[in-house]
Amino acid sequence: MLGGALAAVVSLVVVLAPAQAVEEDGYDLWLRYRPLQQASQVQQQARSISYAGKASPTIQAAIDELRRGLQGMTGKVPASGTSVADGAIVLAKAGALPQGFKADGLAALGPEGYLLKSATVNGKRVTVIAANEDIGVLYGAFGLLRALNTGKALAAIDERSVPKLQLRVLNHWDNLDRTVERGYSGQSIWNWWELPDIRERQYVDYARANASLGINGTVLNNVNSKAEILTAPWIAKVAALADVLRPYGIKVYLSARWSTPLELKETKTADPLAPEVAAWWRAKADEIYRTIPDFGGFLVKANSEGQPGPQDYQRTHADGANMLAAALAPHKGIVMWRAFVYAAEKPDDRAKQAYDEFKPLDGKFAPNVLVQVKNGAIDFQPREPFHPLFGAMPQTPLMMEFQITKEYLGFAMHMAYLGPLFEEVLKADTKQRPNGFTVAQVLEDTDHGQRPTGMAGVANIGSSRTWSGSHFDQANWYAYGRFAWDPQGDSRAFAQEWAMQTFSREPQAVTQIVDMMMRSREAVVDYMTPLGLHHLMDTGHHHGPGPWVDNLGRPDWNPTYYHKADKKGIGFDRTATGSNALAQYAPGVAQRWADPRTTPEELLLWFHHLPWDYAMPSGRTLWTELVARYDRGVTEAEGLRARWEKLKPLVDGRRYDEVAQRLDTQVREARWWRDASVAYFQSVSGLPLPPGARKPERTLEQYKAIKFPYAAGHH
Ligand code: GCW
């Protein structure tokens with residue numbers, strides 16, 4: 001027995017030694033292309049890369065990536081040329097397929113889809129990457145490399161893949177001074193000052209990483225936008241980035257500030273119905289498209305959190321969006337108009353306001369407008385029920401907005417793999433149709449043929465060497481991209497792919513890493529906002545607990561507004577006896593969530609205000625259960641740290657250490673969250689700690705005194 005175990009350990013060490021010897025800093029992301037165990041076999045099957053025509057920049061990018069990837073994985077650079085020899089990887093477009101190769105159903109793959117197929121062509125064993133357009137070939141090349149990188153055999157490959165959404169977009173909340181709102185990964189990667197003269201290599205690597213996922217658009221600047229971005233010098237900077245990104249199929253978009261022409265003193269008003277305003281935007285669109293012929297369009301945050309908008313002139317969101325849409329339409333540009341609106345002056349439940357504003361506008365938007373809706377009705381919380389607008393605006397294309405950067409989930413300091421969060425929302429059934437209608441189906445919008453569809457993710461990318469602030473936060477960018485390609489995808493499968501490409505193909509390592517990832521988000525929910533609690537983060541910067549905060553200018557910025565805890569109970573009553581936000585959901589959903597007994601425990605206090613002694617399904621009282629959840633969160637965080645320790649022999653030293661430091665921090669902060677929250681809720685409920693529960697380490701006053709005037713990502 002002992003001998004066998006020892007032998008296993010020894011062979012493990014031998015196999016893994018080369019990988020460990022290399023110190024890694026994370027810059028390569030999931031495009032690491034480390035040597036395959038079956039390298040020599042793959043080398044035989046990938047001896048050359050063949051393309052018959054003249055390679056466009058996009059095809060060239062595909063060839064370069066295949067050469068880079070195959071060199072990394074097999075140790076040899078394949079030749080490239082036009083001939084089809086044994087062991088060739090053949091890049092082919094419809095109309096120029098290798099003779100004798102049958103590509104059934106190629107037309108159905110559309111402009112961006114691809115197929116990968118091992119075949120015999122003229123007696124030669126080859127692997128074909130076929131697509132209708134150049135970009136499909138590039139996506140196919142990345143698909144092939146991913147297959148190899150995750151241990152698939154080339155000889156049997158037979159895959160086809162088509163994106164289910166048209167617009168797969170990143171939203172950078174990057175400011176012109178290179179700070180990033182809610183950014184925890186250093187500065188903006190856009191070195192605006194040095195653009196357009198200096199085009200950094202990192203822009204190309206950014207494009208490669210995004211293309212590897214099929215991301216095909218990027219909004220370069222913050223939705224809290226500035227007028228200057230639309231002036232000539234900035235358009236030139238944007239054009240330089242567009243040039244770098246174009247071969248990778250990525251269009252650039254800009255966040256437009258509603259009052260731009262007024263602020264630049266080029267109009268007297270920003271009223272969308274004023275002819276001079278419409279004329280100004282038309283001319284501005286023409287100017288942009290002269291420099292950037294494939295410019296994507298505008299993203300707009302209007303009449304939200306102090307931003308200007310059409311309502312300043314008693315016009316509707318549709319009036320505003322349609323005026324911009326008309327300026328962009330001749331150039332095939334689009335408007336992504338955000339539904340994230342709420343006003344302090346409105347006493348109504350903040351969770352209801354977006355629906356109340358937008359639902360009546362269904363059918364009133366121009367065809368090149370999409371309404372961009374956050375996944376939940378409040379704001380990117382660790383857990384929220386799906387936004388009631390999904391499925392409720394059948395006449396309007398809706399796109400999803402997820403937040404990849406972890407504003408409310410511990411910044412880049414805590415491990416929280418967001419795949420399960422994305423999946424939970426996408427798989428949620430809105431019940432807006434008799435046979436079910438998931439959020440993913442709403443987004444895919446297959447009934448309406450040509451209507452635009454899309455998904456946006458608020459980027460977690462910055463100048464940090466790891467791109468995303470931490471190694472594991474790269475997985476959130478990855479999972480976002482994969483879900484944007486296929487909203488019905490599987491977060492565990494994406495985690496596994498990512499872990500194999502990013503860390504190790506060793507099954508033991510993969511299993512452990514994936515398991516850690518899959519538990520991590522629920523751990524955060526438990527130690528921050530269990531049982532449907534939300535928005536309890538400290539003021540402004542949102543780092544750490546602040547459930548006691550009740551003194552902000554706007555009621556709906558105060559955590560006390562969200563938990564409503566008092567001597568008797570806790571939770572936000574959103575049923576008919578309270579704000580009745582539930583009425584915004586389809587009856588099938590609303591009925592189930594109207595009764596605390598049939599409301600999923602994870603959403604209980606989102607919809608119900610319940611007495612502290614309410615009997616939970618576990619048999620515990622609500623108070624005891626709440627403390628137990630906080631404790632479970634801490635235990636899970638400790639578990640993440642302990643599991644990582646076990647991975648030490650399987651991960652390179654530098655990354656091991658960098659992750660370990662973060663997990664130590666997470667454990668400490670999970671305890672802080674738990675202790676501060678328990679101390680606060682105890683002070684409100686007046687209840688003793690449940691038997692066996694640990695006493696908070698410090699006093700409530702001490703927790704309240706903790707301040708972070710210079711927290712990251714807050715301006
Ligand atoms: O999540 C909140 C953030 C703001 C952000 C806003 C929004 C860009 O706290 O920083 O502003 O949402 O989505 O517009």
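Predicted model: local features only at pLDDT ≥ 70, side-chain atom pairs only at ≥ 80, totals over all residues.

I then picked out the largest cavity, which has a volume of about 120 Å³. I listed what lines this largest cavity and got 16 residues, with H414, M415, S470, F472 and R662 the closest to its centre.

Which helix gives the most to that lining? I found that it is α20, residues 653-685, with four residues. I also sorted the lining of the largest cavity by residue type: eight nonpolar, five polar and three charged.

Next I turned to helix α8, residues 275-291. I checked its length, since 17 residues at 1.5 Å a residue should span 24 Å; the end C-alpha atoms are 25 Å apart, so the two agree.

Which residues of α8 are buried? I noted V277, A278, W280, W281, K284, A285, I288 and Y289. They take up an arc of only 165° around the axis, so they sit on the same side of α8. On the face turned away from that buried side I found the exposed residues P275 and R290.

Last, I asked what covers the buried residues of α8.

Definitions and conventions: Residues numbered from 1 in each chain as written. Heavy atoms only, no water. Helix = DSSP H or I, 4+ residues; strand = E, 2+ residues; numbered from the N terminus. Expected span 1.5 Å × (residues − 1). Buried < 20%, exposed > 50% of the residue type's maximum accessible area, 1.4 Å probe, protein only. Arc of directions from axis to C-beta. Contact = heavy atoms within 4.5 Å. 1 Å grid on protein atoms, 1.4 Å probe; cavity = no way out; pocket = protein on both sides within 12 Å on 5 of 7 lines; lining within 4 Å. Points joined across faces, edges and corners; volume = space filled by probe spheres on them. Nonpolar A, V, L, I, M, F, W, Y, C, P; charged D, E, K, R; others polar.
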